[in-house]
Amino acid sequence: MAKISGLGGRLYSGETSFNIVENRKRWYSVSALFILAAIAALVIQGLHLGIEFKGGASYTVNQPTATVAQARSAVAGIGIAGEVIVQKIGTSKVRVQTGAVTPAQSQAIETALTTTFGVTAESIDTQLVGPSWGKEITRKALYGLFAFLLAVMLFLAMAFEPKMAIAAIVAVVHDVLITVGIYALVGFDVTPATVIGFLTILGYSLYDTVVVFDKVRENTKSVAANSKMTYSQAANLAVNQTLVRSANTSLIALLPVASILFVGAGLLGAGTLKDLSLALFIGLAVGTYSSVFIAPPFLAQLREKEPAMQALAKRVAARGGAAPAAQTQEVRTSTGSGPRNQPKRKGRK
Amino acid sequence: MSTPNKPVKTTGRPVRALAILAVLVIGLLATALIQGATSVRLGLDLRGGTSVTLQPRASNASNKITSEAIDQAVSIIRQRVNSLGVAESEVTAQGSGTNRQIVISVPGDSGRRVVDLVGQTAELRFRQVLAESSALTANDTSTAATPASGVSPIINAKFAALNCADPASRQGTGADAPTDTIVACSRSGASKYILGPAEVLGRQVSKATAGIDQQGASGWYVLLTFNGEGTKAFGSITARVTTLASPQNQVAIVLDGLVVSAPAIREAIPSGNAQITGSFTQTEAQDLANVLKYGALPLAFDRGEVQQVSPTLGSDQLHAGILAGALGLGLVLLFSLLYYRALGLVTVGSLAIAGTILYLLFLVLGKSIGFTLTLAGIAGAIVSIGITADSFIVFFERIRDEAREGRSLRSAVESGWLRARHTIIVADTVSILAAVLLYFFAVGGVRGFAFTLGLTTLIDLLIVFIFTKPIVTVIAKWNFFASGHPLSGFSEKSIGRKKSSTPLEA
């Protein structure tokens with residue numbers, strides 16, 4: 001632990017520095033690759049939607065001796081249209097999932113299951129979803145998504161600056177795309193709980209990005225006046241200075257989510273806890289990546305296009321020595337000269 | 001170790017902040033005790049029960065989905081559910097304006113009855129029978145050959161095409177406009193009818209009771225009493241049809257577009273009473289009487305989702321949620337202590353207080369606004385452990401940054417706080433924005449999640465301001481921390497500051 005803390009100090013002073021902003025093309029390529037794979041998976045395989053989206057019915061019998069074959073033969077005679085999926089959930093449950101059923105058919109299925117397994121109708125966990133329900137919640141989730149992105153963009157534009165808002169939103173869209181892509185690729189079930197997970201990722205991913213951007217803003221406030229560093233260099237220093245923080249906050253956020261995933265998948269086998277935490281787990285990992293490797297480089301790229309920042313870059317280049325970030329090595333530990341690209345104190349309050 | 005000569009400007013007064021916190025916690029505790037709230041109200045997914053989500057649908061052009069119609073529907077459904085006599089059942093509209101769903105939650109195992117009871121529009125109409133056929137198959141031409149007087153060919157064609165053997169035709173839509181001549185199936189699907197315009201409507205019923213025929217001939221029935229207007233209308237339709245030939249001497253009792261019964265009228269009934277028979281069981285008769293008594297819903301509803309959770313699954317989910325929470329909390333605390341040493345104790349204390357406030361709020365809100373804790377809500381609370389701890393990390397790391405700049409610990413705490421505060425406020429605002437929007441755009445479980453997430457984020461803000469910061473201000477004066485003890489979390493090694501020649505209070 002002390003080692004990591006020591007690293008925090010070296011990252012803070014600039015002794016140890018990762019060229020994160022400078023190597024943006026590398027991160028962009030990695031992300032582009034993932035996003036292309038995500039889109040391909042979405043187009044080719046699509047998402048594996050739960051009955052909440054397609055409409056249908058689900059019956060879970062809690063009976064340790066129940067087998068899939070028994071359940072399948074019990075409901076076979078009812079004449080339900082479409083595919084019937086029978087699964088073993090955990091060690092003691094069997095779940096029967098069907099397409100849309102009429103109330104009479106639903107009743108028949110329950111009766112068949114109660115007689116086959118000798119359980120009461122009340123002990124069967126059922127879920128019936130109307131065919132238009134999925135559209136309704138999807139529509140709502142999409143409204144929520146757009147309202148959220150808009151509100152956050154306005155808020156960040158006010159709290160920070162418009163370009164930071166754009167970069168943060170790009171990072172968030174990046175996270176959601178890749179997470180959804182992973183779902184399509186692996187074929188995890190998408191349920192309303194998963195959608196909650198997706199929506200929560202937005203908030204999480206932004207939390208990390210906000211922490212980094214706050215430091216970027218501080219470091220670059222008077223960057224033009226000092227002419228010591230380009231915007232990109234100042235932003236890179238900020239990313240490095242908050243690296244330990246990002247790692248810690250992500251780890252701390254991941255620990256409870258991992259606990260839910262472990263307990264939800266391990267004890268319950270399926271359901272809200274597992275679906276929610278799986279989406280969060282994946283999204284959180286992607287979100288940590290984007291708040292360090294995507295959002296700050298993208299912001300720097302946007303800002304470097306401004307004439308003032310280009311002029312600054314020229315001034316810094318003319319000064320010569322103060323552009324150490326040009327090196328391509330990822331880790332560079334200077335042993336002698338001490339802090340090099342530390343921000344000017346004057347710039348701080 | 002001496003205290004620095006230069007006074008460090010302290011933001012806020014730590015003692016006052018801690019006093020406010022104490023008052024707040026004691027106040028919440030007292031409120032909970034006064035309310036008599038001893039346990040958190042659990043959602044149906046944690047204790048078993050049935051929940052039904054209904055999606056409003058305009059059944060015809062005249063009844064548009066309006067906010068008033070939804071409110072009215074909620075109150076009618078609430079009366080119907082209450083007539084079941086199940087304690088702690090709940091009917092709420094979720095969402096905003098006309099874009100709302102009605103969510104009905106009934107604990108225990110009366111699930112199926114609730115589902116049948118609440119979704120019915122219960123639009124009752126009395127219509128004269130114009131034609132009847134017991135032919136069930138579609139495209140039966142025999143009836144079309146003898147069109148009843150006043151029946152258009154279009155209706156005749158519809159009548160011929162109506163297939164009452166198809167369950168879809170017996171769903172009961174409630175979509176019949178009172179002024180139209182319609183075709184309808186009987187509830188059992190055994191016959192189909194052409195029916196004239198409605199002459200008596202459900203809203204003209206003033207009373208409905210279930211009764212049993214003592215002779216046992218027709219079993220359970222529902223007795224209707226009409227109001228003045230209804231009595232007149234019912235008297236006139238019965239007087240008119242008695243003289244007609246069968247089947248036109250029958251008056252059909254149509255509920256939600258399906259014919260419950262269509263008795264032949266032998267004499268005019270001016271008394272204002274009518275009896276609905278239809279081989280009901282006792283429960284069916286009582287439920288129908290209740291439904292008719294409380295009136296028709298102003299809207300038709302689609303069953304969005306019906307979920308029945310057994311008590312076993314409920315308690316399993318509750319235990320799993322608690323276990324996941326304990327595990328997550330334990331890991332976070334372990335990490336804090338390992339990484340921040342003694343400073344991690346501040347995290348432990350902050351999370352403990354946040355947890356206490358959250359629990360007390362659950363108790364108080366359960367009583368005052370009917371807040372129920374669902375599985376998704378528990379997940380939201382667990383997830384928020386991370387968010388809350390994140391704020392402390394941001395703060396602690398800022399203090400370390402300031403210490404790296406060569407400040408004394410006390411001064412580092414103050415200047416670090418000024419900067420961390422901004423980050424924490426912005427980051428938490430984003431979290432709260434997410435929670436608020438999730439809450440308003442979502443239904444059911446998602447709302448529970450959003451609610452706890454928003455609540456815990458607010459608690460996080462509160463705790464950071466009136467507990468974590470004041471406590472750190474106080475302990476920064478302690479020698480143990482100020483001298484950079486190896487276990488304090490502020491040692492030069494853990495901060496990573498190289499030049500150790502200058503004392504901390506430089």
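## Terms and model

Helices (H or I, at least four residues) and strands (E, at least two) are DSSP runs, numbered from the N terminus. Residues are numbered from 1 along each chain as its sequence is written, and chains are lettered from A and ligands numbered from 1 in the order in which they are written. The model is predicted: local features need pLDDT of at least 70, side-chain atom pairs count only at pLDDT 80 or more, and totals for chains, interfaces and linings use all residues.

## The sheet

An open sheet holds 8 strands with antiparallel pairing. The order is E4(A)-E5(A)-E3(A)-E6(A)-E12(B)-E1(B)-E3(B)-E2(B). Strands pair if DSSP finds at least two bridges between them. Strand E4 (85–89) of chain A and strand E2 (90–96) of chain B are the edge strands, each pairing on one side only. Neighbouring strands are turned by 20° against each other on average, direction ignored.

E2(B) pairs with strand E3 (99–107) of chain B over 7 bridges, in the antiparallel sense. Gln94(B) has Gln101(B) in E3(B) as its bridge partner.

## Helices on the sheet

Helix H4 (68–76) of chain A lies across strands E3 (56–62), E4 and E5 (93–98) of chain A. H4 runs at about 150° to E4(A). Axes are lines fitted to C-alpha atoms, for helices over the stretch in contact; angles run from 0 to 180 degrees between N-to-C directions. Contact requires C-beta atoms, placed from the backbone, within 7 Å.

Helix H6 (133–159) of chain A also packs on the sheet. H6 touches strand E6 (125–129) of chain A, plus strands E1 (49–57) and E12 (300–309) of chain B. Its direction makes about 90° with that of E12(B).

How values were computed
Two residues are in contact if their C-beta atoms, placed from the backbone, lie within 7 Å.
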